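The following note sets out, point by point, what may be read from the model shown below. Please consider each point with the sequence and the structure side by side.

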Amino acid sequence: MMSESLFTGMLVLFWVAEAAFGGLVAYWFITQGFDSDKDTASGAQIELEDRSETLQSLAMWGGFFGLLLLGIIVGT
């Protein structure tokens, strides 16, 4: 059986994970934006993002999933 403080901690971890995911989605759309439909349809070359930005995005995803795994482990 789970104690009240552990349950509260799980709720906090859940909301932190939700906020982290929301922040990640907002970060993605603010920094990446949308390509125009004309460029997509014409097949024009789109420049790739810098390697450091890719690694930063991967680190953010890794942190998010790590936080989720921590919540699962604490909850068991």
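1. Along the sequence the chain follows the pattern α-α-α, and its secondary structure comes to 3 helices and 0 strands. Helices (H or I, at least four residues) and strands (E, at least two) are DSSP runs, numbered from the N terminus.

2. The model is a predicted one: local features need pLDDT of at least 70, side-chain atom pairs count only at pLDDT 80 or more, and totals for chains, interfaces and linings use all residues. Residues are numbered from 1 along each chain as its sequence is written, and side-chain values use heavy atoms, with hydrogens and water left out.

3. Of the 76 residues of the chain, 7% count as buried. Buried means under 20% relative accessible area, exposed over 50%, and partly exposed in between (1.4 Å probe, protein chains only). The chain exposes about 6,300 Å², of which carbon and sulfur atoms supply 68%; accessible areas come from the Shrake-Rupley method with a 1.4 Å probe, and for residues only the protein chains shown count as cover.

4. Helix 3 covers residues 51-75. Its 25 residues should span 36 Å at 1.5 Å a residue, and this agrees with the end C-alpha atoms, which are 36 Å apart. The expected span is 1.5 Å times one less than the number of residues.

5. Which residues of helix 3 are buried? They are Ser57, Phe64 and Gly71. Ser57 has a relative accessible area of 10% and therefore counts as buried. Ser57 and Tyr27 are 30 residues apart in sequence, while their C-alpha atoms are 9.3 Å apart in space.

6. Glu53 is also found in helix 3, and is partly exposed at a relative accessible area of 35%.

7. A nonpolar patch on the surface is formed by Met2, Leu6, Phe7, Leu11, Phe14, Trp15, Leu70 and Val74, with about 740 Å² of accessible area together. Helix 1 (4-32) and helix 3 are the elements that give two or more residues to the patch, and helix 1 gives the most, with 5 residues. Patches are made of residues with over 30% relative accessible area and no salt bridge; like charges are joined within 9 Å, and nonpolar side chains (Val, Leu, Ile, Met, Phe, Trp, Tyr) within 5 Å. A salt bridge is a side-chain nitrogen of Lys or Arg within 4 Å of a carboxyl oxygen of Asp or Glu.

8. A search of the whole structure finds 6 aromatic pairs. The rings of Phe14 and Trp15 have their centres 5.3 Å apart and their planes at 75°, so this pair is edge-to-face. Rings of Phe, Tyr and Trp (its six-membered ring) pair if their centres lie within 6.5 Å; planes under 30 degrees apart count as stacked, over 60 as edge-to-face and the rest as tilted. Phe21, Trp61, Phe64 and Phe65 form one aromatic cluster.

9. Ser3 lies in the segment before helix 1 and is partly exposed, with a relative accessible area of 39%. The side chain of Ser3 makes a polar contact with that of Ser5 at 3.4 Å, and reaches the backbone nitrogen of Leu6 at 3.3 Å. A polar contact is a pair of N or O atoms within 3.5 Å; within protein, one must be able to donate a hydrogen and the other to accept it, and residues adjacent in sequence count only if both atoms are side-chain atoms.
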